[in-house]
Amino acid sequence: MDAAFGTTLQPPFDPYANSLNFLLASYIIPYVGFTGLVGSAQIINSTTTHRVYK
């Protein structure tokens, strides 16, 4: 979370501290994963997974 916000959070983010933090984490984690997949889609060029860097 520190890297996502670009600063050190005080107190550190704890997704299990309360319901609001849990809801935030449950939204942020899949969103970051999805945007990473979209960003890497350009290097996936077949049905088999392998690394291709152009």
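## A quick tour of the chain

Of the 54 residues in this chain, 6% count as buried, where buried means under 20% relative accessible area, exposed means over 50%, and partly exposed is in between (1.4 Å probe, protein chains only). What you're looking at is a predicted model, so local features need pLDDT of at least 70 and side-chain atom pairs count only at pLDDT 80 or more, while totals for chains, interfaces and linings use all residues. Residues are numbered from 1 along each chain as its sequence is written, and side-chain values use heavy atoms, with hydrogens and water left out.

**Overall layout**

- The chain has 2 helices and 0 strands; these are DSSP runs numbered from the N terminus, with helices being H or I of at least four residues and strands E of at least two.

**The loop and its cis bond**

- Pro11 sits in the loop between helix 1 (2-5) and helix 2.
- Gln10 and Pro11 are joined by a cis peptide bond, with omega at about 0°.
- For background, most peptide bonds are trans.

**Asn21**

- Asn21 is part of helix 2, and it counts as buried because its relative accessibility is 16%.
- Setting aside neighbours within four places in sequence, Asn21 is in contact (heavy atoms within 4.5 Å) with Phe13, Asp14 and Pro15.
- A polar atom of the Asn21 side chain lies 3.0 Å from the backbone oxygen of Asp14.

- Searching the whole structure turns up 1 aromatic pair.
- That pair is Tyr16 with Phe22, and it is tilted, at 6.2 Å centre to centre and 40° between the planes; rings of Phe, Tyr and Trp (its six-membered ring) pair if their centres lie within 6.5 Å, with planes under 30 degrees apart counting as stacked, over 60 as edge-to-face and the rest as tilted.
- Phe22 lies in helix 2 (residues 19-40) and counts as partly exposed because its relative accessibility is 44%.
- Tyr16, at 66% relative accessibility, counts as exposed.
- Together with Leu23, Tyr16 and Phe22 form a nonpolar patch on the surface, with about 390 Å² of accessible area between the three.
- Patches are made of residues with over 30% relative accessible area and no salt bridge, joining like charges within 9 Å and nonpolar side chains (Val, Leu, Ile, Met, Phe, Trp, Tyr) within 5 Å; a salt bridge is a side-chain nitrogen of Lys or Arg within 4 Å of a carboxyl oxygen of Asp or Glu.

Methods:
Accessible areas come from the Shrake-Rupley method with a 1.4 Å probe; for residues, only the protein chains shown count as cover. A polar contact is a pair of N or O atoms within 3.5 Å; within protein, one must be able to donate a hydrogen and the other to accept it, and residues adjacent in sequence count only if both atoms are side-chain atoms.
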